[in-house]
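User: I am new to this structure and would like to learn how to read its features step by step. Could you take me through them?

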Amino acid sequence: MATRSRCQAVRESQGEMSHFLPPLWMLRASAWFCVALIAVLSLIPHEAEVRTALPSKVEHVIAYAGTAGLLRLAYPSWAGWRTVAALVAYGICLEGLQGFASGRSPGIGDALASGAGAVLGATGAALLAAWL
């Protein structure tokens, strides 16, 4: 069929096991929701924060790993290192912007945890996609 989209072609080239993954539109919507959610949660005033019982560095790793994993699965044609680089730059920018949020302060440790999460998430998603 000449009207096949590039996404359909990529999905079909991944083989039969790709049926275990959600549709690309769902992965993409989820990934961009996570990108936006990270910004909101990073920049809300300290007084409005609701924290988990986890250390903040662990929260950063989880948030960025999940987002990187979704982006990697949602955009299989993107190079993994570009996804990681974009999320690392995003995390650094958000950390810098925290200096302007009430009661928040930027932290190099948080930026490093975000970067580590991005690496873990993109790597895990690439391994998962290769396995499926």
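**Reading the surface and the helices**

Analyst: Let us begin at the surface of this predicted model, where Phe33, Leu37, Val40 and Leu41 make a nonpolar patch of about 370 Å².

User: Where is Phe33 found, and why does Phe33 count as exposed?

Analyst: Phe33 lies in helix 2, which covers residues 24–43. A residue is called exposed when its relative accessible area is over 50%, and Phe33 counts as exposed because its relative accessibility is 54%.

User: How many helices and strands does the chain have?

Analyst: The chain has 5 helices and 0 strands, so that, read from the N terminus, its elements follow the order α-α-α-α-α.

User: Which residues of helix 3 are buried, and what covers them?

Analyst: Buried means under 20% relative accessible area, and the buried residues of helix 3 include Tyr64, Ala65, Leu71 and Leu73, with Glu59, His60 and Arg72 also among them. Their cover includes helix 2, helix 4 (80–97) and helix 5 (108–131).

User: What do the figures for the whole chain say about burial and contacts?

Analyst: Of the 132 residues in the chain, 33% are buried. Among contacts between residues at least 6 apart in sequence, 73% join residues at least 24 apart. The accessible surface of the chain comes to about 7,900 Å², with 72% of it belonging to carbon and sulfur atoms.

Conventions
Residues are numbered from 1 along each chain as its sequence is written. This is a predicted model: local features need pLDDT of at least 70, side-chain atom pairs count only at pLDDT 80 or more; totals for chains, interfaces and linings use all residues. Side-chain values use heavy atoms; hydrogens and water are left out. Patches are made of residues with over 30% relative accessible area and no salt bridge: like charges are joined within 9 Å, nonpolar side chains (Val, Leu, Ile, Met, Phe, Trp, Tyr) within 5 Å. Accessible areas come from the Shrake-Rupley method with a 1.4 Å probe; for residues, only the protein chains shown count as cover. A salt bridge is a side-chain nitrogen of Lys or Arg within 4 Å of a carboxyl oxygen of Asp or Glu. Helices (H or I, at least four residues) and strands (E, at least two) are DSSP runs, numbered from the N terminus. Buried means under 20% relative accessible area, exposed over 50%, partly exposed in between (1.4 Å probe, protein chains only). Contact means heavy atoms within 4.5 Å.
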